Amino acid sequence: MMAQDRSKRNFLRFFSGKQFLIPLAALLALVIFNLIADPEFFRVTLGRNSAGDPVLAGNLISILDNGSELAILAIGMTLVTAASGGQDISAGAVIAICGSALLRVLCGSDLTSGQIQSPIIVAFLVCCLAGMLCGAFNGALVAFFRIQPMVATLILFTAGRSIAAWINNNELPMVADSTFASFGGYIKGVPMPTPFFIALICFAAVWALLRFTSLGLYVQSVGISEKTSRLNGLDPRIVKVGVFVIMGLCCAVAALIKVSRLKTINYSIIAKDIEMDAILAVALGGNPLSGGKFRMSSSILGAYVIQFLTTTLYKFDVQSDALSAYKAAAVIILVVLSSPVVREKLMKLLRSFSEPETAGKQV
Amino acid sequence: MKIKSIHKKRFCDLSDSTVLTMITAAVFVILYVFAMIVFQKGFLKPQTFFNLLNANAALMILSCGMTVVMVAGGIDISVGGVSALVTMCCAVFIDHHGGSFAGAALLALGIGLAFGLVQGFLVAYLEIQPFIITLAGMFFARGMTTIVCEAPFNVQNEDFVRIRETRINVPFLGSVNKNGIFINAYIEIGVIVALLTAAALFFLLKWTRTGRAFYAVGGNRQSALMLGINVKQTVFLSHLICGLLAGIGGFVYFMRVGSGSAANAAGAEMNAIASAIIGGTNLMGGAGNIIGTLLGTLTLALMQNIVSSAGLDQAWWTGITIAVMLCIFLIVQSVLIAVRKKGK
């Protein structure tokens with residue numbers, strides 16, 4: 001009896017809780033779909049890149065490669081969502097600003113020669129600073145002026161790409177430096193693309209941050225109840241500004257990868273619609289979009305699942321402009337399924353299925 | 001001392017929204033006078049003012065819809081995307097399928113209504129955050145625009161072009177051109193549509209039970225529920241109206257530009273939100289009015305005009321100016337409300 005009861009409860013919890021299952025199920029569905037459609041999708045080959053070095057190639061590698069920026073952004077977006085109960089929709093624009101600042105320092109006054117004028121590390125620090133400033137601006141609007149996060153970030157969402165163009169006077173600097181290119185390409189002798197390793201470093205950093213500091217606890221408590229955390233001696237404003245600054249930092253790292261990939265920048269196209277993907281990653285990871293509890297690993301897995309979806313769609317010749325329609329449909333389905341009202345109805349339905357059985361056995 | 005206190009009380013008696021609208025009206029007049037003095041030639045012509053209307057008729061309609069949603073405590077950022085979808089669908093309908101003008105107008109209304117219905121249902125009855133749903137709606141609409149037709153194109157249909165280019169003269173106003181001939185100022189059909197829509201919404205918000213319910217729900221859901229207002233239905237209606245107006249706005253935009261393109265109405269959601277906020281609509285809901293929103297749209301447009309008249313006509317200045325203005329008004333609003341709350 002007891003065991004049966006417990007198993008029933010576990011069965012129900014299986015569908016209502018267990019965040020990790022949502023992205024995993026989505027991933028499984030995609031994998032099965034691709035296996036049926038074309039098993040060649042999963043082939044990984046050892047090819048040679050343009051420089052003649054041996055590198056791994058294949059759809060799976062490209063997912064790990066191209067998904068890095070998104071996964072890095074998902075880290076920041078998860079924290080922002082958890083602490084403020086809203087999302088940062090300026091991510092793409094902030095990436096444009098950071099990338100523009102990076103190139104501005106890197107190229108200095110000479111925009112076309114392709115020679116770098118200052119050390120990469122200095123340029124990257126300036127890029128981080130730009131990202132953190134943008135984050136602090138968003139965070140200040142949210143924390144001190146109590147503006148909804150999405151509306152506050154709407155300001156940079158519109159102005160960001162314009163500011164990025166303005167930083168470089170709307171010119172397109174080119175960089176032809178092999179060291180700089182390796183951030184978005186390959187390091188000599190390593191068969192895996194570098195962005196993947198940068199993403200791994202970011203994951204390790206955020207894991208350490210959550211494991212060894214009380215950041216995670218603070219973020220959750222502010223997200224669950226601002227008033228209660230204030231009564232417990234925690235200033236919610238500082239936490240909120242903090243998460244937005246971290247978000248800005250994530251954007252800066254993503255900008256480094258993006259710019260290094262392109263070796264130049266296109267202000268209106270770089271990282272277009274990436275905020276949508278990042279929000280989708282957080283939602284797919286089963287984190288409540290209204291704030292509170294979060295699970296970082298789940299969001300990161302969600303980000304790679306989305307990249308998987310993108311790659312699959314590309315493979316079926318879907319136009320890049322039309323991609324957003326499919327993804328938006330995915331978001332709507334996900335959000336609808338995870339909404340409390342629908343979930344309650346589903347639970348009721350499940351219960352009505354399982355209850356007659358147990359009642360029969362009891363007799 | 002006594003006078004001061006009376007004065008203070010009167011200031012407090014005005015609603016937040018009225019104060020903000022008054023500020024906007026003052027800003028608009030001051031900016032216009034400033035522009036008249038600095039850039040004399042252009043801004044002294046009445047036509048310049050009517051051009052503001054002509055160019056922003058669609059935006060006015062979108063902003064009015066946004067105001068309704070925001071008053072009811074929600075937000076809708078799909079309006080720009082829906083407008084783009086409307087322009088593309090109408091263009092394809094008229095040019096590729098030989099559709100009529102009226103048919104296209106009906107199509108536009110239908111698309112707007114469909115978006116309003118779905119989004120309203122999801123937000124009101126499934127209790128999903130409006131921002132997420134309408135963000136998805138925006139991307140969906142933009143994506144669909146590309147799926148409907150990839151390349152942007154101009155509509156060549158004669159009937160449509162004739163209606164599109166109809167100009168209505170404004171009596172008694174106009175300017176004398178170089179040859180000494182008096183030219184009447186004119187407005188386009190879109191402006192009439194926009195003004196009629198605004199008037200209808202003004203009436204709805206001010207004097208009907210439904211309209212007052214929007215304010216009640218936006219101000220405090222719990223008390224609205226206790227007053228016996230059907231909160232879910234009200235939220236649903238607000239999104240429905242906004243969707244419908246996005247359809248109308250999209251069609252007016254289509255009449256203005258005469259082409260179907262995924263890049264149409266880019267950033268319109270941002271401009272509409274900015275207009276509503278500048279006009280005194282409270283982001284948290286429960287306050288706002290249509291007149292303020294119209295003034296907000298005009299102020300925004302005037303600001304852009306001034307920026308380009310000042311020779312800063314590189315594309316990026318527009319984006320930056322709007323953002324800065326929005327930022328300032330948001331902060332003013334937030335501070336003002338905080339101060340007045342303390343005062344009470």
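Here is a chat about helix packing, the chain contact and the nonpolar core in this predicted model.

User: Hi! What should I know about the numbering and the kind of model before we start?
Analyst: Residues count from 1 along each chain as its sequence is written, and chains are lettered from A in the order in which they are written. The model is predicted, with local features needing pLDDT of at least 70, side-chain atom pairs counting only at pLDDT 80 or more, and totals for chains, interfaces and linings using all residues.

User: Thanks. At what angle do α3 and α13 of chain A pack?
Analyst: Helix α3 (residues 59-84) and helix α13 (residues 296-315) of chain A pack at about 135 degrees, with their axes 7 Å apart. Helices here are DSSP runs of H or I with at least four residues, numbered from the N terminus. Axes are lines fitted to C-alpha atoms over the stretch in contact, and angles run from 0 to 180 degrees between N-to-C directions.

User: And which residues of those two meet?
Analyst: Among them are N66(A), G67(A) and L70(A) in α3(A), and G302(A), A303(A) and I306(A) in α13(A). Contact means C-beta atoms, placed from the backbone, within 7 Å. By class, the contact of α3(A) with α13(A) has 11 nonpolar, 9 polar and no charged residues. Nonpolar covers Ala, Val, Leu, Ile, Met, Phe, Trp, Tyr, Cys and Pro, charged covers Asp, Glu, Lys and Arg, and the others, Gly among them, are polar.

User: Over to chain B. How do α4 and α9 pack there?
Analyst: In chain B, helix α4 (residues 46-71) and helix α9 (residues 189-207) pack at an angle of about 20 degrees, with axes 8 Å apart. That makes α4(B) roughly parallel to α9(B), a term for angles under 35 degrees.

User: What classes of residue make up that contact?
Analyst: The residues of the contact of α4(B) with α9(B) divide into 12 nonpolar, 3 polar and no charged.

User: New topic: how many residues does each chain give to the contact between A and B?
Analyst: Chain A gives 38 residues and chain B gives 34. On the side of chain A, the elements giving two or more residues are α6 (149-167), α14 (323-338) and α15 (340-362). That side has 25 nonpolar, 8 polar and 5 charged residues.

User: Last one: which residues touch the most other members of the largest nonpolar core?
Analyst: A74(A), C98(A), L102(A), C127(A) and C251(A), out of 208 residues. A core is a set of buried Ala, Val, Leu, Ile, Met, Phe, Trp, Tyr and Cys residues joined through C-beta atoms within 7 Å; buried means 20 or more other C-beta atoms within 10 Å of a residue's own, with C-beta atoms placed from the backbone. Helix α11 (residues 236-262) of chain A supplies the largest share, 17 residues.

Definitions and conventions. Parallel < 35°, antiparallel > 145°, perpendicular 65-115°, else oblique. Buried ≥ 20, exposed ≤ 12 C-beta atoms within 10 Å, placed from the backbone.
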